[in-house]
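Please look over the structure below before reading the numbered points.

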Amino acid sequence: MFGFKRSAFQLVVCLAWGLQYYTFGSLVLWYIFACGLSVAVVLAVTTYDHDYWRSRGVFSPPAWPVVGHILSVVMFKEQGGMCFKRIYDTYKDERYLGTHQFYQRTLVVRDPELIRRVCVNDFQHFTDRGFFFNKDVDPMAGSVLFLRGNEWKRLRTKISPIFSPNKLRGMFPLIENTAGEFVTRVKDLLSQPKDVTSKIVEENPVGPSNGVGQVSSVVDSEKLVGGYTADAIVPCAFGLKSNVMYNDEDPFAVALHAFYEMSVFNIFEKTMRQFWPAFVLFFRMRIIPKKTHDFFYNIVTSVLRAREKGVQEKRGDFIDMMMALRNDDTNNNSCKKDNEDVEITDMVISANAFIIFLGGFETTSSTLAFLFLELAADQRVQEAMRQEIREVLEKHEGKITYELLQELVYMEMVIQETLRLYPPFPSIQRLCTKDYTIPGTTTVVERGTIVLFPTLGIQRDDQYFENASAFIPERWSEGRPQPPPGVYMPFGDGPRYCIGMVYPY
Ligand code: HEM
């Protein structure tokens, strides 16, 4: 009935039979049979799908009952990305291998060529990412990140022009403003009295000053860049000003905190959504908590109304661009409208402004934090980067412009190397939406299977990068051989690549 392994099924039958006929009235024997039967039934049920991959000729490492291959993640011993990196590192001879995340069948693809095929050439079989939600319960999840199939395609096509280099140039002054505040904040922190920073040194004894004088050079860079990133994105996404850098109680800081809170319920909800979607759909559980939903929806709609009434001037931010898109749609309404066309409602604008904030926040702040860490550890790289900035600034008479940024070639290499060693998404996934035969094989990936790319493992593989665990920005210099397609993909690949990845040319 459950597709039990035959041997497990036979064991269950044998034990049940023995329980009935061969205990000879002995209570002890009866207990032994009963316990054996219970264990056999539990094992058979909890591993019922573990033969799936082997039966299709796909290698699959031994799995644990219930949790499959992610026991270390469930036990909080490893982060998901690290778990799949370990699997990637261990099974070097496999192009791909079958795993289970709870009962979710997951094909881990090690071969960059196949990754490329799944993401790009054969994308029509893998159009979704595998997030399950009910739009009535979770309207705020109706953004490009979560949407599926045609709905995603239409929305992505519609909003993509908003992320063109030209539009980004328009947002440059908004970000530059916050960058100025960031410099002031760093200066403030460095001039703080010793007793404030020495407390940080005591808590983190491994630091540049290590408690010997100059303690004021120790700052909590993760918090610092987190605040900066939030304050830089808020004006671009919502047309408002936040103050997360200085104030932990800023409403945006509170909203972020609420969203990322690791409560037992949140962990449970995320686990179930990933591995047993039917459960969360049945119990109408939200991806975006109600409090977060209300906060962002109210903010966006109040900005929209203020701009419609002309109370607030236009600023070239995301809200302005979405309003322009909505106006275009209304003006073109005389033409026959496609039934499936995505209407730019207040909710669609809110959902996508929210996802820009969220998508941009975590990724950018973690990249900056790791970048600072590497710069602190390698004075040579730090000095080379500063030197380049000084030279380019001098050439532009000290004025930072959008065009100036394109000339910071070494800095670009430092960022690329940071994203290689510390990709904010250590694994990327697709959901198989149409049965797919892996080219050159008879293996069929069935609809509903998750296909996972262990980005962190591939990007740290010596096979593709010499001395892969070392931070060497120079490996990205012009003229040096670049990794083959499907190897370096911190922003993903194919039509569903990161919408925030804008080439400035
Ligand atoms: C260091 C910065 C960033 C990194 C490393 C990054 C990385 C990624 C990755 C790996 C994906 C999944 C791609 C895939 O499945 O193939 C993604 C998707 C996405 N990112 Fe980013 N991201 C960054 C910044 C941003 C920013 C600033 C924004 C907002 C402007 C953003 C918005 C999004 C959105 C909306 C998606 C979903 C795209 C879709 O499904 O159509 N990201 N990002």
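1. D122 sits in the loop between α6 and α7 (149-159). Helices (H or I, at least four residues) and strands (E, at least two) are DSSP runs, numbered from the N terminus. This is a predicted model, in which local features need pLDDT of at least 70 and side-chain atom pairs count only at pLDDT 80 or more, while totals for chains, interfaces and linings use all residues. Residues are numbered from 1 along each chain as its sequence is written.

2. Is D122 buried, exposed or partly exposed? D122 counts as partly exposed because it has 17 C-beta neighbours inside 10 Å. The cut-offs are 20 or more other C-beta atoms within 10 Å of a residue's own for buried, 12 or fewer for exposed, and partly exposed in between, with C-beta atoms placed from the backbone.

3. Not counting residues up to four places away in sequence, D122 touches R117 and Y436. Contact here means that the C-beta atoms of two residues, placed from the backbone, lie within 7 Å. Between the C-alpha atoms of D122 and G398, which are 276 residues apart along the chain, the separation is 48 Å.

4. An open sheet of four strands has the order β1-β2-β6-β3, with mixed pairing. Two strands pair if DSSP finds at least two bridges between them. At the edges are β1 (96-101) and β3 (428-431), each of which pairs on one side only. β3 and β6 (residues 450-453) run antiparallel and are joined by four bridges; Q429 stands opposite L452 in β6.

5. Helix α6 (residues 112-121) packs on this sheet and touches β1, β2 (104-109), β3 and β6. The direction of α6 makes about 120° with that of β2 (axes are lines fitted to C-alpha atoms, for helices over the stretch in contact, and angles run from 0 to 180 degrees between N-to-C directions).

6. The largest nonpolar core has 50 residues. Such a core is a set of buried Ala, Val, Leu, Ile, Met, Phe, Trp, Tyr and Cys residues joined through C-beta atoms within 7 Å. Helix α16 gives the most to this core, with 10 residues. Apart from it lies another core, of 26 residues, including I70 and L452.

7. Which helix supplies the largest share of the shell around the ligand? That is α16 (residues 346-377), with seven residues.
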